[in-house]
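Please read them with the structure open.

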Amino acid sequence: MAAAISAINAKIRSQPTLSYFCSTHFWGPFSNFGIPIAAILDTQKDPELISGRMTAALTVYAATFMRYSMAVTPKNYLLFACHFVNFGAQSTQGARFLKYWHYGGKEEALKIKAQQTAQTAKTEGQNVLQQGEEKGKSILHQGEAKLKEVRDKVIK
């Protein structure tokens, strides 16, 4: 059994492309791409949820390992690409964090939310008023019909 595994391993390692796809130089960065993908998806979420400390740590991590990916032999360009994308995504998150918490983004978001709430309240108020007018007209028509009915009975 060990001889068969050794033979399969030798066959894989003899082909450069297959050898690369079976190495840690491929699977390490490939599995690590989950971090930048999550960071990119998080750019669509509310900036109030961003952790400044975690974003800073991930930015430093990405910058450090970008450098490391070029220092190893052979150079790992896939790992470099992974950390380059992560560095960009974390920098974007960091900028969103700073804007929201330190440069007026929170106040701007609250102002927009207040305007939206006011507009919703106005629209709902107009709808209630319109329904009230329609209900009032309906009651008026019913009252007029009853009045006509009573008048017709009195006249007979």
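1. Basis. This is a predicted model, in which local features need pLDDT of at least 70, side-chain atom pairs count only at pLDDT 80 or more, and totals for chains, interfaces and linings use all residues. Residues are numbered from 1 along each chain as its sequence is written, and side-chain values use heavy atoms, with hydrogens and water left out.

2. Asn 86. With a relative accessible area of 1%, Asn 86 is buried (buried means under 20% relative accessible area, exposed over 50%, partly exposed in between, with a 1.4 Å probe and protein chains only). Leaving aside residues up to four places away in sequence, Asn 86 touches Ile 35, Pro 36, Leu 58, Tyr 61 and Ala 62; contact means heavy atoms within 4.5 Å.

3. Length of helix 6. Helices here are DSSP runs (H or I, at least four residues), numbered from the N terminus. Helix 6 has 26 residues, which at 1.5 Å a residue should span 38 Å, and its end C-alpha atoms are 36 Å apart, in agreement. The expected span is 1.5 Å times one less than the number of residues.

4. Burial in helix 6. The buried residues of helix 6 include Cys 82, His 83, Ala 89, Gln 90, Arg 96 and Tyr 100. Among the elements that cover the buried residues of helix 6 are helix 3 (24-32), helix 4 (34-42), helix 5 and helix 7 (105-155).

5. Helix 5 against helix 6. Helix 5 (residues 52-71) packs on helix 6 (residues 77-102) at an angle of about 155 degrees, and the axes are 8 Å apart. That makes the two helices roughly antiparallel, the term for angles over 145 degrees. Axes are lines fitted to C-alpha atoms, for helices over the stretch in contact, and angles run from 0 to 180 degrees between N-to-C directions. Residues in the contact include Leu 58, Phe 65 and Ser 69 of helix 5 and Leu 79, Asn 86 and Phe 97 of helix 6. By class, this contact of helix 5 with helix 6 has 14 nonpolar, ten polar and no charged residues. Ala, Val, Leu, Ile, Met, Phe, Trp, Tyr, Cys and Pro count as nonpolar, Asp, Glu, Lys and Arg as charged, and the others, Gly among them, as polar.

6. Ser 69 and Leu 79. Ser 69 is in helix 5 and counts as buried at 0% relative accessibility. Not counting residues up to four places away in sequence, Ser 69 touches Lys 75, Asn 76, Leu 79 and Phe 80. Leu 79, in helix 6, counts as buried at 12% relative accessibility. On the same terms of sequence distance, Leu 79 touches Pro 29, Asn 32, Tyr 68 and Ser 69. Leu 79 and Trp 27 are 52 residues apart in sequence and 9.6 Å apart in space, C-alpha to C-alpha.

7. Helix 6 against helix 7. The axes of these helices come within 4 Å and cross at roughly 70 degrees. That makes helix 6 roughly perpendicular to helix 7, a term for angles of 65 to 115 degrees. Lys 99, Tyr 100 and Trp 101 in helix 6 meet Gly 105, Lys 106 and Ala 109 in helix 7. The residues of this contact divide into three nonpolar, one polar and two charged.

8. Gln 142. Gln 142 is found in helix 7 and counts as exposed at 51% relative accessibility. From C-alpha to C-alpha, Gln 142 and Arg 67 are 83 Å apart in space and 75 residues apart in sequence.

Key:
Parallel < 35°, antiparallel > 145°, perpendicular 65-115°, else oblique.
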